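This briefing is intended for a reader who is meeting the structure for the first time. Please keep the sequence and the model in view while reading.

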Amino acid sequence: TSKIWAMDTTQKVSYKQPSVLKGRTDIVTVTPWLAPIVWEGTFDPQVIDNIFKNLKLTVATTVFAVGKYVKFLQDFFDTAEKHFMVDFNVHYYVFTDRPADMPLTNLKPGRRLTVIPVPTLDRWQEISARRMAYIRDAIVQNISKEADYVFCLDVDSKFHARFGAEALGDLVAVIHPGYYEKTHRDQFPYERRPDSTAYIPLGQGDFYYGGALFGGLVGNVLNLSTECDVRFQEDAKNKIEAAWQEESHLNRYLFLNKPTKVLSSEYLWQDFKARTKEVKVLRFSGVIKNYGEVRPN
Ligand code: UD2
C-alpha cells in the first residue's frame, strides 16, 4: 500500500519554494485523469529523496536476457548501478537461459541480484510476450515477500542520468518515444483486430506506452502481469498474436486501468532517434541493435 510522504526531519533540506503559477510551459505535466507526467523541472530531487529515502523501500527490478541478449547485461548493470534508484535497496531479477554467460557485476551495498533460469525459446515474439507470465510468477514466489515496488525493464538499454524515486508510483507507465509528439491516436500501433483481446478501437486510447518499462506497487504489477498473460493465452488459443505482443496487451490494460504516474520520454528514449528539445535530460534509452544478429530468427 502507499506510504505517507513524511519529511525526514533529521536531514536539513533547503529547496526552492514551490509555485502553482510558474513552471515549465512547453510540455503537459498532468494527464486528464490527474496523474503526473514526470519531466525534468517538475520535481525537486532533494525533496523527493528526503521523503523517499526515509521510507526504506525495496525496489525489485526484472530484466530478461534470453539467448544473445545476455550481451546487453554488462552495460545495463554498469549504468544502472550509477543512475537507477541510487541509495535504495534494489533487488535485480535476471531471467536467462545462459546463466554461465552472465557478466560479473559489482553491486553497491543494499543491492542484490537473483538469477532465474528460463527455457530457450526460438521465437523472439514469444520471448518478449512470455515475460508477463514470468514476472507474475516471480512476484508471487519472491518479490511480494520483500519489495514495495517493482520495475520491469528491457535489457537492451542503458541509463544515462538520474532515474530515482520520482519514478515511483502505484501504477507507472512510460510514453513510447516513437509516439509522443504529434501522432494521432488512430495512428498508434495498438492491436486493431477485434478478435484479439488486446483490441483498442479507432478513436480510443490515451497514449502509446512503451513495453520496455512499466512498474508500480508490487500488487498492481501482479494484477497487470496476470491479466496481460491471461489475455495473451486466450489469444494464443484463438491463434492470434497481438501486433506488438505484450506491449499491445500492456496498452490495452493501461487504457482500462489508468496509470497513476506517467513517465515522459526522458525515461525511455531510443538511441537511433534524434533528441527533441523537450527532452532536457535523457535518463534511460534503448541501444541501437542489429535485430538480425541478436534475435533467434
Ligand atoms: C519493443 C518494446 C519491447 C517489447 C517489444 C514487443 C520498447 C522500446 N520496446 O521492442 O519492450 O514490448 O517491442 O515485441 O517499447 N528478449 C530477450 N531475448 C530475445 C528477444 C527479447 O531476452 O531473443 C527480451 C529482452 O529483455 C528485450 C525484450 O525482450 O529487451 C524486448 O525485446 P526486443 O528488445 O527485441 O523488442 P523491441 O526492440 O522490438
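The points below cover confidence, the ligand shell, the sheets and a helix pair.

The structure is a predicted model, in which local features need pLDDT of at least 70 and side-chain atom pairs count only at pLDDT 80 or more, while totals for chains, interfaces and linings use all residues. Residues are numbered from 1 along each chain as its sequence is written. Helices (DSSP runs of H or I, at least four residues) and strands (runs of E, at least two) are numbered from the N terminus.

**Confidence**

- The average pLDDT (the predictor's confidence in each residue, from 0 to 100) of the protein chain is 95, and 99% of the residues score at least 70.
- For the complex, the predictor gives an ipTM of 0.95 and a pTM of 0.96.

- The ligand is surrounded by 22 residues (C-beta atom, placed from the backbone, within 6 Å), the closest being Tyr-69, Asp-154, Gly-210, Gly-211 and Glu-247.
- Two or more residues of this shell come from each of strand 2 (58-65), helix 3 (124-146), strand 8 (209-217) and helix 5 (245-256).
- The shell comprises 10 nonpolar, 7 polar and 5 charged residues; Ala, Val, Leu, Ile, Met, Phe, Trp, Tyr, Cys and Pro count as nonpolar, Asp, Glu, Lys and Arg as charged, and the others, Gly among them, as polar.

- Strand 2 and strand 5 (residues 149-153) run parallel and are joined by 5 bridges; Val-63 stands opposite Leu-153 in strand 5.

- Strand 6 and strand 11 (residues 284-286) run antiparallel, joined by 3 bridges, and Lys-158 has Ser-285 in strand 11 as its bridge partner.

**Helix 3 and helix 4**

- Helix 3 packs with helix 4 (residues 218-237) at an angle of about 145°, and their axes are 8 Å apart; axes are lines fitted to C-alpha atoms over the stretch in contact, and angles run from 0 to 180 degrees between N-to-C directions.
- Residues in contact (C-beta atoms, placed from the backbone, within 7 Å) include Ala-129 and Met-132 of helix 3 and Val-218 and Phe-232 of helix 4.
- The residues of this contact divide into 11 nonpolar, 3 polar and 2 charged.

Definitions and conventions. Pairing = 2+ DSSP bridges. Contact = placed C-beta atoms within 7 Å.
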